[in-house]
Amino acid sequence: MAETAHSTATLRLTVGDLRIVHPITVPASAVPAADVLPALQGLVNTVVAAAEAGLMKSGGVISCRKGCGACCRQLVPVSRTEGERLVALVAAMAPERRERLHARFAAAAAAIEGAGLARRGDRTDRDLSVAYFALGIACPFLEDESCSIHPDRPLVCREYLVTSPAELCAGPTQEGVTPVAVPKVSLAARGLQEENEDWFALALLMKWARTRPSGGKRRTGPEWVQRFLKGLARK
Ligand code: SF4
């Protein structure tokens, strides 16, 4: 089998208050945007680790723990690029696990549609988030209150950490929740394929998959990274 050629570079970025130096490796040839997502996940992991290190230096303590899935009932916005990767991930799962997931996605979509929240309408982001959280719909990937796709979880899930007591995360408006100040690199990934690209709720992934736009662009890995960096500079 022919080996895929890769391009490697060292990114030196200032995001928020953080200085980030991160080696990145992407396919050298023209690929769909979803193929550079692992590289962006690595970058987000580095940004989150730097934010955590800064917090610890100032005496802060992260209260998130394995087995606490309160935040996994929030509306998780996902880009088309991430959606494509997650659909492929589910498709590659063993049939039993895949069927269980499809059933959970169908139940979640029915609850969201039943509540009239499948579309934003004229709601603000805040109103939509509060109404969505009130439904108490667990992310279909949540199992035993832990993320069953942890290494592949969306970028925005990686960026969400808190220092406040865990029970506050289960409150209806998350009042008193203190998130760690992690620069939202995930926002730059949202417009990777198209400017002003819309997002959808992760729990609607399978519904989105049935109507998703086809024929996405192919660009070389370095070109996708350039687009991502431009988006990051705009945020
Ligand atoms: S993908 Fe994982 S971390 Fe993100 S909301 Fe779902 S269960 Fe939670």
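Which residue forms a salt bridge with Arg 80, and how far apart are the closest N and O atoms? The legends below take this up in a predicted model, where local features need pLDDT of at least 70, side-chain atom pairs count only at pLDDT 80 or more, and totals for chains, interfaces and linings use all residues. Residues are numbered from 1 along each chain as its sequence is written, and side-chain values use heavy atoms, with hydrogens and water left out.

**View 1. Arg 80 and Glu 194 form a salt bridge.** Their closest N and O atoms are 3.1 Å apart; a salt bridge here is a side-chain nitrogen of Lys or Arg within 4 Å of a carboxyl oxygen of Asp or Glu. Arg 80 lies in helix 2 and Glu 194 in the loop between helix 6 (186-190) and strand 7 (200-201), so the pair ties together parts 114 residues apart in sequence. Helices (H or I, at least four residues) and strands (E, at least two) are DSSP runs, numbered from the N terminus. Arg 80 is buried at 7% relative accessible area, while Glu 194 is partly exposed at 41% (buried is under 20%, exposed over 50%, partly exposed in between; 1.4 Å probe, protein chains only).

**View 2. Arg 73 meets Glu 145 in a salt bridge of 2.8 Å, N to O.** The two sit in separate loops, 72 residues apart. Arg 73 is partly exposed at 21%, and so is Glu 145 at 31%.

**View 3. Lys 207 pairs with Glu 113 in a salt bridge, with closest N and O atoms 3.0 Å apart.** Lys 207 belongs to helix 7 (residues 205-211) and Glu 113 to helix 3 (residues 95-114).
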